[in-house]
Each structure stands twice: as structure tokens, then as C-alpha cells.
Amino acid sequence: MRTILITGPGGSGRTTVAAATALAAARQGTRTLLLGTDRDDTLGAALGVRTGPAPTSVEPHLTAWRPDAAQGFRDGLAALQDRASSALDLLGAARLDPEELTPLPGADELALLRALRDAALAERHDLLVVDLPPAPRALALLAAPEELRRCLRRLLPPERQAARALRPVLGRLAGVPMPAEALYEAAARWDLELAAAEAVVADRNAVVRLVAEPGPAGADAVHATVLGLALRGLRTDLLVANRVLPEEVPADSWLTGPLAQQRKTLEEWRGTYDVRALPHLGRDPRGTDDLAALGAPGAGPAVAPVEWPVTDRLAEDGVLVWRIPLPGAVREELDLVRRGDELVVAAGPFRRIVALPSALRRCTVDGAALREGTLAVRFAPDPQLWPRGR
């Protein structure tokens with residue numbers, strides 16, 4: 001299954017573009033699932049059909065689905081209370097009724113991650129189009145599975161589960177309580193669910209499609225979003241310039257100023273990105289006829305995967321070079337920290353902790369340089385760890 005994740009700055013019309021993209025693909029004969037994330041039915045408003053927690057057939061080959069984050073939160077907490085019933089009874093705790101629960105912050109994001117996983121595992125569709133939240137929240141959402149899995153591995157390392165039979169004995173010897181079996185089982189279950197969501201986002205058939213209105217604010221938002229996606233190793237296929245004004249306007253019209261800004265931004269974008277312009281209809285698109293009039297592109301050709309290659313320059317310079325593409329990064333806003341077998345990379349407001357390739361774990365950081373949007377980190381072999389003869 002191919003996946004198109006659509007995001008952009010708030011107010012850019014990303015939901016409308018997501019609906020138009022899914023419609024275009026469906027009318028080409030592709031079995032398409034359109035996944036919405038807003039609590040309000042903005043997706044249904046664009047499609048002209050109500051959407052909700054039950055998948056809705058919009059027209060042949062197109063299904064829309066908007067998971068209910070509130071219901072998912074209630075079901076998840078009810079299941080947690082059932083699993084922890086013995087401990088709750090021992091403590092004399094009063095159970096919460098599902099009707100009195102309201103979603104906590106982050107419930108929407110967790111519901112979307114589960115929906116991504118479920119849609120991929122169902123294998124009922126050929127294309128999944130996801131209307132993500134606005135760009136800052138979308139970047140945090142796409143990073144969540146990897147970050148949460150890393151935290152789980154640090155707090156409850158899987159290799160420690162090998163000593164299950166010895167855990168009570170070890171607890172008495174150490175004088176401190178050891179993690180209970182149920183805790184490890186829960187961590188393994190969470191890790192499996194997060195891994196499934198991470199696999200959908202990182203799959204070679206998944207791309208991120210950006211939506212923005214051409215102009216100074218849109219240009220700044222696109223620049224920041226592209227950098228955040230690059231740090232995550234996520235691929236973009238298209239930049240959709242939305243609500244593009246017609247070229248011909250009266251000379252004395254107030255539209256001449258915005259039109260000039262659009263022309264300048266579009267020229268800059270076309271020199272860097274694969275840009276598709278969608279017209280301004282003069283109204284908010286409503287229904288499949290308006291969406292079809294936009295002429296949004298469906299699923300495009302496959303995009304080459306993002307690679308962070310390690311170049312062997314031992315013979316020439318005595319170093320290995322790890323090249324990390326970071327388009328739009330500024331040297332003054334870059335930061336690198338080596339922590340054991342991990343590298344902490346900060347670029348502008350974004351930060352990621354990545355595991356070092358095996359060869360680099362036996363090296364020390366020898367320096368770094370940023371040239372033409374690529375960060376080159378040099379690693380020198382550690383004589384105490386590097387195999388002799390290299």
C-alpha cells in the first residue's frame with residue numbers, strides 16, 4: 001500500500017487538498033482510503049459527505065474515515081483498568097466509568113497512529129491519503145513512534161527480560177523491587193504497536209506532500225517544515241501551491257500586490273521543489289465537483305529513499321564520513337552531541353537522537369561541516385576499539 005501524508009501550515013487548505021488528492025486517485029481506479037484527523041468534520045465539509053468513526057463510502061474506490069479519538073481513549077483506559085484490576089482492588093481504588101472520561105492532550109495523535117497501523121494491516125486499499133494536522137504538530141506526530149520506542153527501550157531494556165525466573169531472587173539480593181512481569185508485557189505490547197505505526201511512516205512507499213499558499217509566510221513555513229522532515233529522514237514528493245490567483249487581474253485591483261508575491265514565491269519554489277499549482281476557485285471548495293475542478297495530482301511516481309551514507313575515506317584522510325542531508329539548515333543553528341552509541345542532532349527548532357551505524361561506534365567524532373545542505377560528520381577510528389589491520 002502506498003501512503004501520502006499531507007500537511008502544511010495552518011490555514012493553507014491542507015484538508016481540501018487531501019480530499020482532492022484522494023478523489024483524483026480514486027477516479028483513476030485506485031482503491032483509496034482518506035484518513036481525517038480533525039475533531040470537527042472539516043473533511044466531510046470538503047467532500048460533501050458526513051464522515052466519522054465508521055468508514056464512509058464517498059464514491060467508487062474512495063472511502064473516508066475519521067477515527068473518534070474520544071472513544072479510542074475511553075476504550076484504551078477501560079482495557080487498562082481491566083488488566084490492572086487486581087492492583088486497583090488491592091489499593092481500594094474506585095474505577096472510572098467510560099462516560100466520565102474526556103480525552104487527554106495527545107489522544108488525537110495516538111488515535112491517528114493506531115488508525116495508520118490498522119489501515120496498513122487491513123490491506124483493503126492500494127492508497128492511503130492522510131490529512132495530517134498543521135506542520136508543527138504533524139512533525140511531532142511523525143516523530144512520536146521512534147521517540148517513544150527509544151524511551152521504552154531505555155526504561156525497560158528488552159534484554160533484561162531474559163532473567164524472568166531470577167527476578168524475585170535478584171530483587172531480594174539487590175534490596176530493591178524488580179519490574180513486574182506485567183510491566184514488561186505491557187512494554188512489549190506498546191513497542192509492537194509503535195513499531196507498526198513507525199513502519200507505515202518510514203515505509204519506502206510513504207511520502208509527505210506539503211501544501212502552502214505561495215507568499216512570504218508560506219515560504220517560511222515550507223522552509224522550516226522541509227528541514228524538520230529531512231532530519232527525520234522522511235521523503236517529500238510534491239509541494240502543492242494552493243489557492244493560486246489568476247494571472248490576469250485589473251491593473252487597479254487590490255489583488256495586484258498578492259499576485260506579485262505569489263509570482264515571486266512560485267518562481268523561488270520551482271527552482272527547488274517539484275511544484276503543482278492549484279487554482280483559487282473564488283470560494284471554499286465544497287463537494288466532489290469543486291474538488292475535481294482543482295485538478296489535484298493523485299499518487300505520483302515512486303520517490304527515491306532518503307539515504308544517510310557513510311563514506312570510507314580511511315585511506316585518504318584517515319576518517320569515515322557520515323553525510324546527513326539537511327536542506328535549508330543554517331550552520332549557526334546546528335548542534336551535535338555524541339552520547340555513547342547515539343548522535344544527538346539539532347537543526348533549528350528540531351532535534352533527533354539517532355543510533356550510530358556499527359562501524360562508527362568504534363570511532364570518535366573528528367569534526368563536522370555543513371556544505372550545500374549536507375552535514376558531513378567525520379569519525380576517526382578509536383585505536384582501542386578498531387580492528388587491527390584496518
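1. Strand β3 (residues 56-59) and strand β4 pair in the antiparallel sense over three bridges, where strands are DSSP runs of E with at least two residues, helices are runs of H or I with at least four residues, and both are numbered from the N terminus; two strands count as paired if DSSP finds at least two bridges between them. Within this pairing S57 stands opposite T63 in β4, and the hairpin of β3 and β4 has two residues between the strands, with H61 taking a positive phi near 75 degrees.

2. On provenance, this is a predicted model, in which local features need pLDDT of at least 70 and side-chain atom pairs count only at pLDDT 80 or more, whereas totals for chains, interfaces and linings use all residues. Residues are numbered from 1 along each chain as its sequence is written, and side-chain values use heavy atoms, with hydrogens and water left out.

3. As to the chain overall, there are twelve helices and 15 strands, and buried residues make up 43% of the 390 residues, where buried means under 20% relative accessible area, exposed over 50% and partly exposed in between, with a 1.4 Å probe and protein chains only. Among contacts (heavy atoms within 4.5 Å) between residues at least 6 apart in sequence, 67% join residues at least 24 apart. The chain exposes about 20,800 Å², of which carbon and sulfur atoms supply 54%, the areas coming from the Shrake-Rupley method with a 1.4 Å probe.

4. Strand β4 (residues 62-65) also pairs with strand β2 (residues 32-35), to which it runs parallel over four bridges, and here L33 stands opposite T63. From β4, L62 and A64 point one way and T63 and W65 the other way, and all are buried. In a regular strand the side chains alternate between the two faces of the sheet.

5. In helix α11 (residues 287-294) the buried residues are G287, T288, D290, L291 and L294. They cover an arc of only 160 degrees around the axis, and so lie on the same side of α11, the arc being that of the directions from the helix axis to the C-beta atoms. These buried residues pack against α1 (14-27), α2 (42-47), β3 and β8 (275-279), and α11 is followed by G295, whose phi is positive, near 70 degrees.

6. R243 lies in strand β7 (residues 236-244) and, at 25% relative accessibility, counts as partly exposed. Leaving aside its neighbours within four places in sequence, R243 is in contact with G11, S12, G13, E213, Q262, L278, P279 and H280. Its side chain makes a polar contact with the side chain of E213 at 2.5 Å, a polar contact being a pair of N or O atoms within 3.5 Å, of which, within protein, one must be able to donate a hydrogen and the other to accept it, while residues adjacent in sequence count only if both atoms are side-chain atoms. The C-alpha atoms of R243 and A277, 34 residues apart along the chain, are separated by 7.9 Å.

7. If a disulfide is taken as a pair of cysteine sulfur atoms within 2.5 Å, the count comes to zero disulfides. C151 is partly exposed, with a relative accessible area of 38%, whereas C363, at 3% relative accessibility, counts as buried.
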